[in-house]
Amino acid sequence: MGNPLDSLGTTIFLGFVLTVVLVLLIHAIA
Amino acid sequence: MQELVTYGWWVFAIRWLHVLSGVMWIGLLWYFNFVQTPSMPKIPEAQRGAVTGFIAPTALFWFRWGAMSTIITGLIVAYMSGFLVGAIKLGIGDHDPHTTAIGFGMWLGTIMWFNVWFIIWPNQKKVLGIVAAEPDARRKAGRIAGLASRTNTMLSIPMLYAMVSAGRPFY
C-alpha cells in the first residue's frame, strides 16, 4: 500500500489541512 | 542623528540572516520535492549519475547547512527578543497569540531541522554512496529519506503560516 506522501499533490493538500488545524490550535490556546 | 546600529538593529539583522538561511533551506527542500525527485524517473539511466554524483550532493550541502543556520539564527532572534522560553511553552497561559504562533513555528521548524540532520542526511549518504550500503539497505534508505523530505514539505506550509503571521500581527 502506498503512503499518502508519495503524491506531491496530497502532501500539499495535507499541508494546508494541517495549517487549518494549527490556526484553530493557536486560537484555542491564546 | 538617530543611531543606526542599535540593539534592535542587531535583532533585525539576525532575523534577516534567519530569513536568508530559511530561503536557502526551504528553497532547496522544494527543489528536491518539486523538481529533482519527480524528474528522476524521466531521466535516462545513463544520465542519472549527473544528478546523484554532482547536483544532489551540492544541493544537500547547502540544504543541511541552510537548515543549521536557520535554527541557530532563529534561536538567537527569539532569545534577543525575549520570547524564547514563552514560545517553547507555546505561549500557554500568556494569552498572547503571537507567542503561541511563533512557538508552533519554532517547534515545526525544529522537527524539520531534526529530520534534515538525523533522518534525511544519514539516509542520503547511503543513497549517494558516500557511505557504503547493500543495494537493499540503499533502497530502504532512499525510501526513508524520501518520506522524511515529503514530511518536511508538508510541514513547511503550516510552519511558514506560523512564522509569517507571528511577524506581522493580525490576531
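How are H2(B) and H4(B) oriented to each other?

## H2 and H4 of chain B

Keep in mind that this is a predicted model. Helix H2 of chain B covers residues 48–81 and helix H4 covers residues 97–127; their axes come within 10 Å and cross at roughly 155 degrees. Angles over 145 degrees count as roughly antiparallel, so that is how H2(B) and H4(B) are placed relative to each other. Their crossing is left-handed.

Now for who touches whom. H2(B) brings residues including B:Leu60, B:Phe63, B:Arg64 and B:Ala67, and H4(B) answers with a set that has B:Trp113, B:Trp117 and B:Trp121 among its members. Sort the residues of this contact by class and you get ten nonpolar, four polar and one charged.

## H1 and H5 of chain B

Here's another pair to look at: the axes of H1(B) and H5(B) come within 10 Å and cross at roughly 120 degrees. These two helices are therefore oblique to each other, and their crossing is left-handed.

## Where chain B touches chain A

The contact between the chains takes 21 residues from chain B and 13 residues from chain A. On chain B's side, the elements giving two or more residues are H1 (7–39), H4 and H5 (135–167). H5(B) supplies the largest share, nine residues. By class, chain B's side has 13 nonpolar, six polar and two charged residues.

Technical notes. Residues are numbered from 1 along each chain as its sequence is written. Chains are lettered from A and ligands numbered from 1 in the order in which they are written. This is a predicted model: local features need pLDDT of at least 70, side-chain atom pairs count only at pLDDT 80 or more; totals for chains, interfaces and linings use all residues. Axes are lines fitted to C-alpha atoms, for helices over the stretch in contact, and angles run from 0 to 180 degrees between N-to-C directions. Helices (H or I, at least four residues) and strands (E, at least two) are DSSP runs, numbered from the N terminus. Angles under 35 degrees count as roughly parallel, over 145 as roughly antiparallel, 65 to 115 as roughly perpendicular and the rest as oblique. A crossing is left-handed if the near helix is turned anticlockwise from the far one by less than a right angle, and right-handed if clockwise. Two residues are in contact if their C-beta atoms, placed from the backbone, lie within 7 Å. Ala, Val, Leu, Ile, Met, Phe, Trp, Tyr, Cys and Pro count as nonpolar, Asp, Glu, Lys and Arg as charged, and the others, Gly among them, as polar.
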